[in-house]
Amino acid sequence: MGEYIGLDVSMKDTAISVRCDGKRVWRGKCASDPETIARTIRKHAKEPERVIFETGPLSVWFYHALQSEGLPVICVDARHAKAALDMAANKTDANDADGLAHLAEVGFYREVRVKGFDSMLTRTLVAARTKLVRIQTELSNQIRGLMKTFGLVVPAGKGSTFEANVRGRLDENHELATIIRPLLEGWCSIRLRAAELTRRLIDDARQSEACQLLMSIPGVGVVTASAFATAVEDPANFRSSRSVGAWLGLTTRRYQSGQVDYNGHISRRGDHQVRSLLFEAACVILTRSSAESALREWGLKLRERIGFKRAAVAVARKLAVIMHAMLKSGEMFDRKVVTPA
């Protein structure tokens, strides 16, 4: 029989446990480097059957690097593994590695699909651009608030208009200008970098057939299409389009015990970034008449019964189903049809 290996990964060291025929045969530590880990595993396990570790910040790198080393590596859901690992009396890295190795041996784990580096590169681009836009907004609000204290009200405006308004009013107060201008220069620099990332994201979307297909939906732009396409990667990863909404945490949670049986809020499991973008797209569909479609009509009727926020969540869930079905079929969005969700 082969050996079953559990890895408890941390930034500096990785605890390793090797089990064979129902017994632990070796455990130890090594540096958190895939090549070093692969050499250590081969030294103590002649025929590794499964090598498992939990999801974490290093999981994408470790998964692909250990795969390239020829190891049968599996990434498992950390929430699922936690229930079993909590059975140990003492919480240590060595005990966690033992627990993971035991899960690998008995097969009691939930495997997680690890995204490819190309998809992660696009997702990193989306996340970096989103962060810069948020910092830009925070800085502009901070500048407005500080100037308002001294009676310098900056009128509404974005981009170069905002910059011109701020500089024009700072001429009236030279002492305040020495404080605000460094903030304004930082805002200008961040705005420039955010624009560069936005242009790169647009160029990548133009070359992607999946993004062009998804952007045929009113309310779905470059950012939402890119994030969704890279999250799903291959439509064949899901048996049914209906399961995508649950995968993104857009379905309600259910609690049942004895005579108690009720539905709660949405689970909020899965990809927070994609879930937020789908909610924003749903808000656009419900609030802009230019997004006329059968989906919008369905959402507006739902809003009258359950309110705006719940209707937006329902539209976001239906959007996830529609977008996956479009990727699977390769067909453009039909404004006259609403796919059941």
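Trainee: Which conventions apply to the model and to the values?

Mentor: Because this is a predicted model, local features need pLDDT of at least 70 and side-chain atom pairs count only at pLDDT 80 or more, while totals for chains, interfaces and linings use all residues. Residues are numbered from 1 along each chain as its sequence is written, and side-chain values use heavy atoms, with hydrogens and water left out.

Trainee: How many helices and strands does the protein have, and what is its radius of gyration?

Mentor: Helices (H or I, at least four residues) and strands (E, at least two) are DSSP runs numbered from the N terminus, and the protein has 13 helices and seven strands. The C-alpha trace spans about 80 × 55 × 50 Å along its principal axes. The radius of gyration is taken over C-alpha atoms, and the globule rule is 2.2 Å times the number of residues to the power 0.38. For 341 residues that rule gives 20 Å, so the protein is more spread out than a compact globule, with a radius of gyration of 25 Å.

Trainee: What share of the residues is buried?

Mentor: Buried means under 20% relative accessible area, exposed means over 50%, and partly exposed lies in between, with a 1.4 Å probe and protein chains only. Of the 341 residues in the protein, the buried share is 40%.

Trainee: How many bridges join β1 to β4, and which residue in β5 is the bridge partner of valine 51?

Mentor: Strand β1 (residues 3-9) and β4 run parallel and are joined by five bridges, with tyrosine 4 having arginine 50 as its bridge partner in β4. Strand β4 (residues 48-54) also runs parallel to β5, the two being joined by four bridges. Phenylalanine 53 stands opposite cysteine 75 in β5, and the bridge partner of valine 51 is valine 73.

Trainee: Which residues make the nonpolar surface patch of about 310 Å²?

Mentor: Patches are made of residues with over 30% relative accessible area and no salt bridge, like charges being joined within 9 Å and nonpolar side chains (Val, Leu, Ile, Met, Phe, Trp, Tyr) within 5 Å. Tyrosine 255 is found in strand β6 (residues 252-257), and at 44% relative accessibility tyrosine 255 counts as partly exposed. The patch is made by Tyr255, Val260 and Tyr262.

Trainee: With which residue does arginine 27 form a salt bridge, and how far apart in sequence are the parts that the pair ties together?

Mentor: A salt bridge is a side-chain nitrogen of Lys or Arg within 4 Å of a carboxyl oxygen of Asp or Glu, and arginine 27 forms one with aspartate 98, the closest N and O atoms being 2.5 Å apart. Arginine 27 is partly exposed, with a relative accessible area of 36%, whereas aspartate 98 is buried, at 14%. Arg24, Arg27 and Asp98 are linked in a network of salt bridges. Arginine 27 lies in strand β3 and aspartate 98 in helix α4 (residues 93-106), so the parts tied together are apart in sequence by 71 residues.

Trainee: Which helix holds both glutamate 163 and arginine 167?

Mentor: Glutamate 163 forms a salt bridge with arginine 167, the closest N and O atoms being 3.2 Å apart, and arginine 167 counts as partly exposed at 34% relative accessibility. The two residues are four residues apart, about one turn of the helix, and both lie in helix α6 (residues 160-170).

Trainee: Is arginine 296 buried or exposed?

Mentor: Arginine 296 forms a salt bridge with glutamate 292, the closest N and O atoms being 3.3 Å apart. Glutamate 292 counts as partly exposed at 38% relative accessibility, whereas arginine 296, at 9%, counts as buried.

Note on methods
Pairing = 2+ DSSP bridges. Areas by Shrake-Rupley, 256 points an atom, 1.4 Å probe, with all protein chains shown as cover.
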